[in-house]
Amino acid sequence: MAIADGPKVVTVVEGRRLRLSSLDKVMYPATGTTKAEVLDYYARIAPVILPHLSGRPVTRVRFPHGLAAAGFFEKNVPAGVPEWIRRAGRDPVFPLIDHLAGLTFFANLNSLELHVPQWRFQGEGRDAVALEPDRLVIDLDPGPGMGLRECATVALIVRNRLTAIGLDPLPVTSGSKGMQMYAALPGVHSSDEIRDTVQQLARELTTAHPELVVWKMAKELRPGKIFLDWSQNVAAKTTVCPYSLRGRDEPTVAAPGSGTRWSGAPRANPSHSCGLGRSSPASPGTGTRRRHW
């Protein structure tokens, strides 16, 4: 249900009354994509993005004036957030986005990007406990001269290595220039242990494929290589949440890939980062496995 209220719209989402503002504001000038379309996207994609967000502290990248101006990262719960949105942590105090009403609230605050760590909170408030990570991530960052096609080639190599140690990896195009490889974990190892293991895997793959892969962060080593960023497993770091929009010129999305493409080299095309367009907004789960961690 929605009723007009001057320049704002009052709507009820899951029994929560929300006041949506500036719905005609252009968030992506290159495509003319409006705030209303951003809200529509997050409402449509909620069934598949919420399991990835649930229980994780959410860092938002907000663009109050759309992509026409710089955005900013926000970790703490801002002033004016309703009490029905759960919080966790002490400094900072993060919001937990567990339902469509919360997702809509933060999308209305122009939070285009949603970033989360590889672990979740148990409980809420100041006494919430950070659990051990329930997934690992390897960030495939292409150096100069490399792109998504080369990332896809390296993703197959990483897939084979992770499968060899009993994991079931899933590729996610970042919506930017690279990819992430995720794999579910049982939640019994610390962030430091996972970081060290992934670093060792990256070193092994660099030795096996020196023409393609580099594990060290030094920028002078990256031209013509894919950097396997193992550091994203550090507890304090975050990666863009699967299905989140990105704050790029066009409204791309961090998109999980189809498992059917593992049988051969993935079709490395930037369109894998599902564009949000005026005529055909992205629909949840299209061409993807709905796997959650």
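Helix H4 (residues 191-208) contains 18 residues and spans 26 Å from its first C-alpha to its last, close to the 26 Å expected at 1.5 Å a residue; the expected span is 1.5 Å times one less than the number of residues. Helices (H or I, at least four residues) and strands (E, at least two) are DSSP runs, numbered from the N terminus. The model is a predicted one, in which local features need pLDDT of at least 70 and side-chain atom pairs count only at pLDDT 80 or more, while totals for chains, interfaces and linings use all residues. Residues are numbered from 1 along each chain as its sequence is written, and side-chain values use heavy atoms, with hydrogens and water left out.

The buried residues of H4 are Ser191, Ile194, Val198, Gln199, Leu201, Ala202, Leu205 and Thr206. They lie on the same side of H4, because they cover an arc of only 160 degrees around the axis; the arc is that of the directions from the helix axis to the C-beta atoms. Buried means under 20% relative accessible area, exposed over 50%, and partly exposed in between (1.4 Å probe, protein chains only). An α-helix has 3.6 residues a turn, so residues three or four places apart point the same way. The buried residues of H4 pack against strand S13 (135-142), helix H3 (148-164), strand S16 (213-214) and strand S17 (226-229).

In the protein chain, the secondary structure comes to four helices and 19 strands. Of the 293 residues in the protein chain, 53% are buried. Among contacts with a separation of 6 or more, 65% are between residues 24 or more positions apart, where contact means heavy atoms within 4.5 Å. The accessible surface comes to about 13,100 Å², and carbon and sulfur atoms account for 53% of this surface. Accessible areas come from the Shrake-Rupley method with a 1.4 Å probe; for residues, only the protein chains shown count as cover.

Two strands pair if DSSP finds at least two bridges between them. Strand S14 (residues 170-173) and S19 run antiparallel and are joined by two bridges. Thr173 has Ala255 in S19 as its bridge partner.

A further open sheet has four strands in the order S7-S6-S10-S18, with antiparallel pairing. S7 and S18 stand at its edges with a single partner strand each, so one side of each is left without a neighbour in the sheet. Two bridges pair S10 with S18 in the antiparallel sense, and Val116 stands opposite Thr239 in S18. Strands of a sheet pair through backbone hydrogen bonds, either parallel or antiparallel.

Strand S2 (residues 8-13) and strand S3 (residues 16-21) run antiparallel and are joined by six bridges. Thr11 stands opposite Leu18 in S3. The hairpin of S2 and S3 has two residues between the strands, and Glu14 in this hairpin takes a positive phi near 50 degrees.

A search of the whole structure finds 14 salt bridges, a salt bridge being a side-chain nitrogen of Lys or Arg within 4 Å of a carboxyl oxygen of Asp or Glu. One of them joins the side chains of Asp98 and Arg86 (2.7 Å, N to O). Asp98 lies in the loop between strand S9 (94-95) and helix H2 (100-108), and Arg86 in the loop between strand S7 (72-74) and strand S8 (87-88), so the pair ties together parts that are twelve residues apart in sequence. Asp98 is partly exposed at 23% relative accessibility, and Arg86 is partly exposed at 27%.

The side chains of Arg246 and Glu113 also meet in a salt bridge (3.3 Å, N to O). This pair links distant parts of the chain, 133 residues apart: Arg246 is in the loop between strand S18 (239-240) and strand S19 (255-256), and Glu113 is in strand S10 (residues 111-116). Both Arg246 and Glu113 are buried.

Within helix H4, Arg195 and Asp192 lie three residues apart, about one turn of the helix. Arg195 forms a salt bridge with Asp192, with 3.4 Å between the closest N and O atoms. Arg195 is partly exposed, with a relative accessible area of 23%, and Asp192 is partly exposed at 42% relative accessibility.
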